[in-house]
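Me: Please take a close look at the aromatic rings in this model. I would like to know how they pair up and what sits over them.

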Amino acid sequence: MYYNEDTIIYVNGAFVKAAAANTGLYSQSLHYGYAVFEGIRAYPAGDSTRIFKAEEHFDRLRYSAGVMKIPFQYTTKKLTELSYEVLYRNGFTDAYLRPIVYCSANMSLSKGKEAMLAIQAWEWTNGYLSNKMRVMTSSYQRPNPAAFHINAKVSGHYVNSILACQEAKDNGFDEALLTDSHGYVAEGPGANVFMEKNGTLITPPPGNILQGITRATVIEICRTLQIPVEEMSFTPEEMRGADAAFFCGTAAEVVELASLDNVPFARPWTDTLSYQIQQAYKCRVLGKPFSSIDQTQPAYSSF
Ligand code: PMP
């Protein structure tokens, strides 16, 4: 469950009970997927909580609203303050935040007339994604960047993600890997992808992907740990049988892939650079130094 009778959320200027909040059936967002949102993690920090990369997430929310021409005036500072307030009012320290900007009643196909903001949060007990994911190459491609602002986080884009994810599940896999319209690997339905080959991390370049904040953090970690990392196009065929691979995203964090199209990744996970990155990412979000990386234990036994 995402909320109970005590849960407080922010909606359009007020902190209200989630159970009592509602929205209209004539919203342009409901009918056309015309809304923008973020997925953000807050991690325990001492007795309190810290939102990881709040600025990057709220800047992206404002960017997404901007390219979609949704009239949205909140500053990143205000959005951050409101989000902390939602966490405090609920007593959450380990949590997922879901701000969404949605539009008023309007059945026309012109730009939004009025935007509303809701900030929801729920406690983070375990991730969406299981560890050691068995992934299939989707028959669905990511949306064409000439048709959508692919680098914005728009509700309607996730119809494509649902199709791909459900197709994978219907075929007995855990998750999908989508290609772009040229057949190159793009990303997962809700996460970016890296593969590891011969001591180098490789990830698809910008253009056909949501350039994730976690992806940027992984690249930062590679630079810090002096792990070679390249942005380069590759096909599913080139990825099958690579040394290792992982999905990364705010919710997923860094999650090991076991196989692609039933072809296992070659090296034992704990022997890979990818595993070191998974450990370093956990330290990074908790504000701990990388030296506290435990080299002997997997980051998660289950996810
Ligand atoms: N790609 C897609 C399609 C996503 O939905 C997400 C999750 N927001 C990501 C990549 C990863 O982005 P981030 O690291 O910013 O969460």
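Reply: A charge sits over a ring if NZ of Lys or CZ of Arg is within 6 Å of the ring centre and within 35 degrees of the ring normal. Keep in mind that this is a predicted model.

Start with the charges. Arginine 89 lies over the face of phenylalanine 15, 4.1 Å from the ring centre. Tyrosine 43 has a charge over its ring too: the charged end of arginine 41, 4.1 Å from the centre.

Now the rings themselves. The structure holds 11 aromatic pairs. One of them joins phenylalanine 72 and tyrosine 74. Their centres are 5.2 Å apart, with 25° between the planes. Planes under 30 degrees apart count as stacked, so this pair is stacked. Phenylalanine 72 has 14% relative accessibility. The limit for buried is under 20%, so phenylalanine 72 counts as buried.

Phenylalanine 194 and phenylalanine 246 make another stacked pair.

Tyr2, Tyr96, Trp122 and Trp124 form one aromatic cluster.

Methods
Residues numbered from 1 in each chain as written. Predicted model: local features only at pLDDT ≥ 70, side-chain atom pairs only at ≥ 80, totals over all residues. Heavy atoms only, no water. Phe/Tyr/Trp six-rings, centres within 6.5 Å; stacked < 30°, edge-to-face > 60°. Buried < 20%, exposed > 50% of the residue type's maximum accessible area, 1.4 Å probe, protein only.
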